[in-house]
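I opened this notebook to record what I looked up in the structure shown below.

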Amino acid sequence: MPVTHRHSGYVFTDHTITVPLDHAVPSGRTIEVFAREVVAVDKEPSSLPWLLYLEGGPGNRAPRELPAWLGRATRDYRVVLLDQRGTGRSTPITRQTLTDLAAPADDLRLFRADNIVRDAELLRAHLAGDRPWSVLGQSYGGFCAVTYLSLAPEGLHEVMITGGLPSLTASPYDVYRAAYPRVLTHNDRFFARYPGDQKIAARVVDHLREHEVSLPGGDALTPRRFQTLGITFGQDRRFDLLHHLLDEAFTGNGRLSDVFLRRVDSVVSFAEHPLYALLHEMIYCQGEAAAWAAHRALDEFPEFDLERGGPVRFTGEMVFPWHFEEDPVLAPLRSCAEHLAAYTSWPHLYDPDQLAGNTVPVAAAIYHDDMYVDREHSLATAGAVRGLVHWITNEYAHDGLSRGPAVLDRLIQMVRR
């Protein structure tokens, strides 16, 4: 029996189904997939259409706290919050579970958007029978939604995408080569807002060069690891986070404060989402190896080189080989990461012909200044999906959906037109 509870004006029902690890081998090993259904207490569930929510990532579970858009969604829908395979309660992938496997890289190749879609189709059959459902995809969830349109459009009534229209053809190297200039622009925005932080950032880097500094878990905080804090620049809710970290970086005796180190650890550690590090470049692979694309593309942008003597510039949503040396959660997975980076036979995630003939209503929000997803890539894809209507805006950053009901409300209006 599904577990049900209620609070804050909603009824929550937990669902777990068993799916093949490899959908091409349905009689083989299985995993569990978990989803939480949410219905407003004043609604009759059977009268509502279904809405599947696909979270960003890769490697992030569905939200546990009530998202700001949920009230708007539950006015019209019976919402399903899916923990994508390997996350949350869906047979989670962790350091402990991966190191127990004989060939973890072989399994991880099955944790991309194509198999997330196949899981979703089994979940739809379990919950909704033969009725198609609506999909809301945020960030990487939007990538999965485009794969859904390619592989199983018969399961879709309508699709809404926020900050997640991927390039249909760009290689991982193309993606990161386009990303670094956007990250530099966000650095410029940050230091224009907080000019005094430039000196503090340089002081932190100098301190880390001169002293061995440990984070609360005992692992080292190195200059290049500190540099990855720029990942927060792409979200309105977290753009100022680095400033508040730097504001309390040093104690009165010139040491880095415990408050600073604790908060830095919460950003730079992959303990909660190792799949993000392992698969981040692989979500772009179609018939070619990632080959540490972000690391290779970095050579073209000397602004990030801490040894050249220029101002400190923070990197963004990039994963580097050294992460698997310096993060103790990732260190046991280094061999697995190397295998994934070298793998070339990735299946294609998108069907250009199917998308060109698409008949499912699709609406997408494209954020003009999105640090994580390239605007020009998104616009090219918007033009390649038949019937897709898009809204391009600079009012929101990548996390615009989390700002409240406005983004979702507009997408609902667009997709229904």
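I began with the UniProt record, an unreviewed entry, which lists residues 49–214 as "domain: AB hydrolase-1"; its positions are given in the numbering used here, the feature name is shortened, and annotations may be inferred rather than shown by experiment. The model is predicted, with local features needing pLDDT of at least 70 and side-chain atom pairs counting only at pLDDT 80 or more, while totals for chains, interfaces and linings use all residues. Residues are numbered from 1 along each chain as its sequence is written, and side-chain values use heavy atoms, with hydrogens and water left out.

I noted that the end C-alpha atoms of residues 49–214 lie 51 Å apart, and that the span is 48% helix and 14% strand. Helices (H or I, at least four residues) and strands (E, at least two) are DSSP runs, numbered from the N terminus.

I turned to helix 5 (residues 140–151), where 11 of the 12 residues are buried (under 20% relative accessible area, with exposed over 50% and partly exposed in between; 1.4 Å probe, protein chains only). Among the elements covering these buried residues I found strand 6 (133–138) and strand 7 (156–162).

I then located His398 in the loop between strand 9 (388–393) and helix 17 (406–416). His398 counts as buried because its relative accessibility is 6%. Its side chain makes a polar contact with the side chain of Ser139 at 2.8 Å (a pair of N or O atoms within 3.5 Å; within protein, one must be able to donate a hydrogen and the other to accept it, and residues adjacent in sequence count only if both atoms are side-chain atoms).

Definitions and conventions. Expected span 1.5 Å × (residues − 1). Contact = heavy atoms within 4.5 Å.
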